[in-house]
Amino acid sequence: MTIASVVDRWPDSARIFARYTLGCASCAISKSETIAQAAAGHGAGRVKLDDLIGELNVFADTGKLPEGAPPAPSLAAKGVPRGMAEQKGVKHVIAVMSGKGGVGKSLVAGLLAVGLKRRGFSVGVLDGDITGPSIPRMFGVREKPMSADGKTLVPPKSRGGIPIMSMNLILPSEEEAVIWRGPMVSGAIRQFFSDVQWGELDYLIVDLPPGTSDAPLTVMQALPVDGVVLVTTPQALATMVVTKAVKLVKQLGGDIIGVVENMAYVTLPDGGRLEVFGPSQGLKLVIASNAPLMAKLPIDPAIARDADNGDIENYTSPETEELVENFMTVAPMKGPPD
Ligand SMILES: Nc1ncnc2c1ncn2[C@@H]1O[C@H](COP(=O)(O)OP(=O)(O)O)[C@@H](O)[C@H]1O
Ligand SMILES: [Mg+2]
C-alpha cells in the first residue's frame, strides 16, 4: 500500500510513520510511494521496515498506537488558518456537506436558501465548492462581485435578491479553480465571509467542498458554523462516506442539525415509486448521524431543468417545502426574521 492510502484510511497512522522519519505523510513524494519504497528511500535506509509494518498492523487491528508515538499533528500544521473569520451582520452560518460529490449538496444548499427567503428570512449563499459553478449557475448569477473601496466586495444578487459569493464568479475559467490547493481555498473562503458586504443576514448558507478530506475541514474551521446539514443518496451509506462525514463534523466539534436523503426515488407515471439507488437508508442515516431526517427528495427532472437554467428560485415541490419546514424546526434561530 502507499503511505497515502494507509494514512487516508487510518489518519493516526501518520504518527507511526513520523516515528520512522517518514513523518511527511502529507507531502507529495511519500504520498505516491509505497511503504517499502519510502522506507528504502528516506531516513538513509535506516528505517526498519519489519518493525514499522508490525506497528502499523497492531494499530490497524487494535487501534493502539505504539508507546512514544508523537502527538497528532495540530490543525495549524495542516495549514488550517487560526482564528475564525468574523462577520457581524450574519446571525447564523449553516454549512451543507456531503461525503462525496454529485449527491446534490449544492442543490440542497440552493433549495434551503430559496425556501428560507420565501419565508421572509434574509439569506445569502457562500459557494465554498470550487469544483464547479453549480451555485451561480442554479441562481443564474453571472456578474462579478464589485469592490468600491478596494477592501470589501459587494456580492451580486440573484433575481430573488439573494446575495451570492463564489470563487467561480471571479476566476476566469473553471479549470483554474480546480488546481487551487486546500489552504488557498480556505483562505479565499474566509475572505468571502469576512470581506464581503453581506449586510444583515439571518442565514448564510455555505456550500462546502465535497468529500471528507482537508477541503471541507478547512472551510469548517475558518467559519463560525452553527450547524451542518448532511446530504447523501441512498447508495452512499453503504460506502462509509456518511460515517466518515459524521466523524469529521464531530471531530471539529460541529453539530449536524439534519440529514437529507437526495435522489431517494423517482415517481413513475402510474404514481408508483422506483428506488433507483436502492431502498431508502433514511433510518440508518438517522442512526449514523444521530440527527433527524429533514427530507427525502425524489429525483425530479424539473429540479435538474430549473437548476441548469438558473431558475432554482422558481422551483417548488411538496418535498422541498417539507425540507425547509423541517429545517426551521431544527435550525438555530435568533428572533423573528428582520
Ligand atoms: N433530486 C434531484 N433531481 C434531479 N436532479 C438532481 C437532483 N439532485 C441533484 N440533481 C442534479 O444532479 C447534479 C448534481 O447535483 P449537485 O447539487 O451539483 O451535486 P453536488 O453539489 O453534491 O456535487 C446537478 O445537475 C443537479 O441539478
Ligand atoms: Mg456542488
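The second largest pocket of this predicted model has a volume of about 470 Å³. Its space is the one taken by ligand 1.

**The pocket lining**

A total of 25 residues line the second largest pocket, and those nearest its centre are Gly104, Leu107, Met138, Met263 and Ala307. Sorted by class, this lining holds 11 nonpolar, 8 polar and 6 charged residues. Three helices each supply at least two residues of the lining: helix 6, helix 7 (134-139) and helix 13. Helix 13 gives the largest share, with 4 residues.

**The shell around ligand 1**

Around ligand 1 there are 16 residues, and Gly102, Lys105, Ser106, Leu107 and Pro298 come nearest. The shell is made up of 8 nonpolar, 6 polar and 2 charged residues.

**Polar contacts of ligand 1**

Backbone atoms of Lys105, Leu107 and Pro298 lie at the following distances from atoms of ligand 1.

| Residue | Residue atom | Ligand 1 atom | Distance |
|---|---|---|---|
| Lys105 | polar backbone atom | oxygen | 2.8 Å |
| Leu107 | backbone N or O atom | oxygen | 2.9 Å |
| Pro298 | polar backbone atom | nitrogen | 2.8 Å |

On its own, ligand 1 has 560 Å² of accessible area, and the protein covers 79% of this. Helix 6 (105-118) and helix 13 (301-308) are the elements that give two or more residues to the shell around the ligand. Helix 6 and helix 13 also each supply at least two residues of the pocket lining, as does helix 7.

How values were computed
Residues numbered from 1 in each chain as written. Chains lettered and ligands numbered in written order. Predicted model: local features only at pLDDT ≥ 70, side-chain atom pairs only at ≥ 80, totals over all residues. Heavy atoms only, no water. Near = heavy atom within 4 Å. Polar contact = N/O pair within 3.5 Å; in protein donor to acceptor, adjacent residues only side chain to side chain. Areas by Shrake-Rupley, 256 points an atom, 1.4 Å probe, with all protein chains shown as cover. 1 Å grid on protein atoms, 1.4 Å probe; cavity = no way out; pocket = protein on both sides within 12 Å on 5 of 7 lines; lining within 4 Å. Sits in = over half its atoms within 2 Å of the grid points. Nonpolar A, V, L, I, M, F, W, Y, C, P; charged D, E, K, R; others polar. Points joined across faces, edges and corners; volume = space filled by probe spheres on them.
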